[in-house]
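Have the viewer open as you read.

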Amino acid sequence: MIAATASASLRRAFAPRVAGRLAVSASSMAARRSISTLNSLHTYTEEELLIKDSAARFAREQVLPKTKEMDEKETMDPAVIKGLFEGGFMGIETPAALEGAEQSFTSALIVIEELAKIDPSVSVMCDVQNTLVNTVFRTYGSEYLQKKYLPQLATNKMGSFCLTEAGSGSDAFALKTTAKKDGDSHYIINGSKMFITNAGEAEIFLVFANIDPSKGYKGITCFVVEKEWGVQIAKKESKLGIRASSTCALSFDEVRVPVENIMGEAGKGYKIAIEILNEGRIGIAAQMVGLAQGAYDVALPYLFERKQFGQHIGNFQGLQHQYAQAAVEIEAARLLTYNAARRKEEGKNFVKEAAMAKLFASQVAERTASKAVEWFGGVGFTRDMPAERFLRDSKIGAIYEGSSNTILNTIAKIEQKKYQN
């Protein structure tokens, strides 16, 4: 009887604690269930997986057979360009109502990465069209500009982003190209641009010009200019890498552009350039991740074909450590890239993440491509193997859409604001 009474008392005494533990346990289970619904950065939607497979197949079947010839001739094969349009890769985020694929930003990066695994030149052509040109139209364009140009850009016409000049590289807002009002209906553009990607094939140009130099960068305005209005290719550059991608100097001599072809607002071109290049950096990061993976993929099988001292060279610990380190860095660069992409899709600030992804991916691409040449040994130094092309192509990653030092400045300023009193 005493025992029963004591047990009852103990139950009463511990009941609140047990209830508390049960409540905590239930809360923990709910939290675990919530956490279990969060996806890894390797989790793609069904549509993203489909476009990944489609891009990889296109790269293998239509681009790979032409990469060597395109690199040597420094020319993009028209059949490859046609294939990009027919595959829906040139208007990935463009709404279906405007002839686009209406897919996610991550889908665009997936395509850029898959193409870069085979040919970074083809990748950057697709990248500029999607992350720069199309995005500017979708984000800042009037209904008129969107309806007129986005269907063309998605189906058969290349676009080009014209910001850089001889005296305005990293200091982009020092540009000298001008646009003067001609009556109420037109502007007249005069000046020049250099190092403009896709310029050799483009028919639609986003041209940044200053409508009032006395206002400094606040006079910079973005114009949509059609090639037939007088855009002249002054020089096609002969480059170290991404040789099949056209990079040209352009000249504008009294090019007449209608007022309705102002992108966004007059005097707000600087805002467009700043915001869009942040997004473009994620695209370049995806290109560099693909390049690094491509170099890795062509070199690793060789390590288990080539034998020295009675065993495959890939079994030597020195090489094992090298390709293990490369695998870690490629994965880290990929995670940085897709984290920046998901933040952008979620509407979060992604300036720092984009800068970090672009910086690190470009470094990894160059390191991995360099190691790939070494892993091939003597044959890697010849043009019979693709490793040397990947190495040449990798160098641009530290230069365009923000040099590495410019990117470091961006990251440093953000970090400084966090810690400086």
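Are Lys-82 and Glu-86 buried or exposed? Both are exposed, where buried means under 20% relative accessible area, exposed over 50%, and partly exposed in between (1.4 Å probe, protein chains only).

## Ground rules

This is a predicted model, so to speak of local features takes a pLDDT of at least 70 and side-chain atom pairs count only at pLDDT 80 or more, while totals for chains, interfaces and linings use all residues. Residues are numbered from 1 along each chain as its sequence is written, and side-chain values use heavy atoms, leaving out hydrogens and water.

The side chains of Lys-82 and Glu-86 meet in a salt bridge at 3.8 Å, N to O; the term covers a side-chain nitrogen of Lys or Arg within 4 Å of a carboxyl oxygen of Asp or Glu. Both residues belong to helix α4 (residues 78–86) and sit four residues apart, about one turn of the helix. Helices here are DSSP runs of H or I with at least four residues, strands are runs of E with at least two, and both are numbered from the N terminus. An α-helix has 3.6 residues a turn, so residues three or four places apart point the same way.

Helix α5 (residues 105–118) has 14 residues and should span 20 Å at 1.5 Å a residue; its end C-alpha atoms are 21 Å apart, which agrees. The expected span is 1.5 Å times one less than the number of residues. As for cover, 14 of the 14 residues in α5 are buried.

One of them, Glu-113, forms a salt bridge with Arg-334 at 2.8 Å, N to O. That pair links distant parts of the chain, with Glu-113 in α5 and Arg-334 in helix α9 (residues 317–345), 221 residues apart. Both partners are buried, Arg-334 having a relative accessible area of 9%. Arg-334 also meets Glu-331 in a salt bridge of 3.5 Å, N to O. Those two are three residues apart in α9, about one helical turn, and Glu-331 is partly exposed at 29% relative accessible area.

Across the model, the count comes to 35 salt bridges. A network of them links Asp-71, Glu-74, Arg-243, Arg-383, Glu-388 and Arg-392.

## Rings, and charges over them

There are eleven aromatic pairs, counting rings of Phe, Tyr and Trp (its six-membered ring) whose centres lie within 6.5 Å; planes under 30 degrees apart are stacked, over 60 edge-to-face, and the rest tilted. Phe-304 and Tyr-323 make an edge-to-face pair, 6.1 Å centre to centre with 70° between the planes. Phe-304 lies in the loop between α8 (269–303) and β9 (307–308) and Tyr-323 in helix α9, so the pair ties together parts that are 19 residues apart in sequence. Phe-304 is partly exposed at 36%, whereas Tyr-323 counts as buried at 14%. Elsewhere, ring pairs join Phe-173, Tyr-217 and Tyr-270 into a cluster.

Two charges also deserve a click. Lys-344 lies over the face of Phe-105, 4.7 Å from the ring centre, and Arg-389 lies over the face of Phe-390 at 4.9 Å. The rule asks for NZ of Lys or CZ of Arg within 6 Å of the ring centre and within 35 degrees of the ring normal.
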